[in-house]
Every structure is written in structure tokens, then in C-alpha cells.
Amino acid sequence: MTTQEQITAAVGGRLQALVDAEAAVEGAACILRVELPRRGLVCQHVAGGITRGGDPASVTTPFRIASITKPFTAAVMMQLVAEGTLALDDPMAAHLPADHLDLVPRVHVLDGVSYGERITIRQMLSHSSGLFDYAMSTQFGLAIAADPGHVWTPREMVEGAIGWGAPHFPPGEGYGYAYSDTGYVLAGLIIETVDCRRLDEAYRARILDPLGLDNTYLEGFEAHRGSEMAHAHEGQFDTAPIHGSADWAGGGLVSDTADLATFVQQLLAGAVVPQPYLDEMLQWQFRTLDPVLHTPGYLGYGLGVDARESNGFLLRGHRGHWGVLMHCDPLSGLTITGTINQADRRPDALMHGATAAIRESGLADA
């Protein structure tokens, strides 16, 4: 065995230990893929079952990617900006479908003042609109528990934001960041209006088919692709019965680790969003509603893409509710994708453990 093979084997052993540790906690499938393209290194690891006590998951098992859907939505929006169809500082009201304009004066009312007309596309994509996140409300959770198979419409989700909570600050003001699926649902409506096709069709025509992401699809709106999907869990609750429409443009895609790696690599390479629009998408600021909500290494958020530092790597990508992660270091090419299929834990150990394994191996050195 050559020195390179020995190093690769050692890295693989460390990565498998990370995956085994995650799956051992509650039994949900943990899937991890780590790639260092310039070294020809691809490590794929899995532990746990598709369901608790069920068939074992594999490295190619698809899973719900939750909020990693947001970079896909933001990328479509940035393509439309690049094409001149809309502008980042356009008010969202200028591009919403006519039958949803009644939401504008009601969606952001703070201290008796309506700010809906002021919300811009940039603010929706950067979470700086102040919109309340319907997906974080107790009422949404209760509605899901009462009827997991309910097919949600974008209007129902936005109406939930209006009825279940209050905005955090006027658009673009205050501390300037409040994570909100609501803004991305509104972005999905805008995409359908200005692109003149359904959201799933826009994803497929603009990103999925051109990049060959054959195992990625919008759940609830397209047929399932690939093998049986891993079941994500909310504690002990198996969330598989929840209809895929429940987060739509904010979190409705299903994918696998290889497709996610291709997407984030091609996005950062400029193959999805052209310059200089990609630069604007990647420009991040540290703004936060509550520092406790962010994990060690978090640096800030751009337009659908976050920034994190880990063991000397500057990672760009996103995270998702089920412990899903998609990170890529543009300099070294290091790409980390995976999931722990569990909402009550963050995938910090996977990210920091993977970067430590690569850094300490010397494989990322020039």
C-alpha cells in the first residue's frame, strides 16, 4: 500500500467513525460524502437504517434536503436577475401573482404599520425582510402532527406566517437577519410568475437537467427518483408521512450526496449563476437574530448561501433541518455533503470532523 493509500484509508476510518457515532444515537441513517477533487479523493460512508430497525441505508440513499433547497431557489432567482427579468432591489409585490397580492399589506405588519410593500427580493433571499417564519411556529407543528399528509399550498404557508406570529423588524432594519422560510415561499411564487412555469419545472430546466442531477426532485410535485428515501426524524417521530409540499421553495427538494456535491461545486465554479451575480450571491454578512442559534464556525449569510470556517477551510453552502449539510471550500475544492436524518441535532460533528481529518492528513496542502 502506497503512502497516499495509507493516508486515504486513515481518513476513511475517521470519517466512518463520525458516521457510526451519529447513527448510534438514535438509529436514523447517517450518510456522508467527502470529496477532494484535485486529489481524486471520494470517501462515502453510511450507518443506520432507512427506518429504525429497517433495511440499512446505502451511500446512494436519497433524503430530504430541507433548507438546502434555498440555494437552489436563490440560484433560479439570480438567473432571472442576470436575464434582466427582475432586479434584486425590486419590491416583491411587483412580481407576485395577481391572486396573491392581497397578502402584501398583511404579511408584514409591525406595531400597526404594514411594511409588505417595502420588502425586496434581496431581503427575502438574505433573510433581512423581518418576516416571521411560519415553519418555526408551534401552530405549524401542531397542524403537521394532526394531518401529516395534508397538501400545503404556498398561500396556506404565508397565511400561517401572518396568523401565527409577528415580524421581527422593519425590512432591512434592526439587526437585519431573521431566518424565514416564508420569504422563500414568496420567492417560489415569484419564480412561477415571471418564469411562466411551475417551480419544479423551473428547477429542472434551469439547474437539475443541465447539471445532470438525476436523483434530485421536488417532493410532492414530481415522481420519486432512486431507491427508497431515508426517513428523517424529529426526535422519535418518523417524519416520512409528512407531505413534501410542507416547505416547497424553502425546503421541499429530495437529493443524494453526489448530486449535492455536484450542485455546490458547479455553483461556486460559475456554471449555475454567471458573474458578477454569483459574487453578489456569495457576499456574506454576519447578522443574527440570536448568536446562540448559530454554531461555532458560522460566519454569515449571503443570498441563499452561508459561510463557515472549519479547520482553516472557508466553506460555502447551506444546512437543512434534518441535520443535512452541503459545504464546499472554493480554494481546495473540499466538498462535504450528507445528513444525519435527525432534526434534534446539528451536523457540526460531521463538518468539523471531516475538515479535521482532511487537514491533518495533509491531503489539502498544495
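Seven strands form an open sheet here, and their order is β2-β1-β14-β13-β12-β11-β10, with antiparallel pairing. Strands, E in DSSP, are runs of at least two residues, and helices are runs of H or I of at least four, numbered from the N terminus. Two strands count as paired if DSSP finds at least two bridges between them. At the edges are β2, residues 41-47, and β10, residues 298-301, each pairing on one side only. On average, neighbouring strands of this sheet are turned by 20° against each other, direction ignored.

A note on the source. This is a predicted model, where local features need pLDDT of at least 70 and side-chain atom pairs count only at pLDDT 80 or more, while totals for chains, interfaces and linings use all residues. Residues are numbered from 1 along each chain as its sequence is written, and side-chain values use heavy atoms, leaving out hydrogens and water.

Back to the sheet. Strand β11, residues 306-310, and strand β12, residues 313-320, pair in the antiparallel sense over five bridges. Opposite E309 stands L314 in β12.

What lies across β1, β2, β12, β13 and β14? Helix α10, residues 257-268, does, running at about 140° to β14. Contact means heavy atoms within 4.5 Å. Axes are lines fitted to C-alpha atoms, for helices over the stretch in contact, and angles run from 0 to 180 degrees between N-to-C directions.

Now the other sheet. Three strands form an open, antiparallel sheet in the order β3-β9-β6. β3 (63-64) and β6 (217-218) each have a single partner strand, so one side of each is left without a neighbour in the sheet. β3 is joined to β9, residues 253-255, by two bridges, and the two run antiparallel. In that pair, F63 stands opposite S255 in β9.
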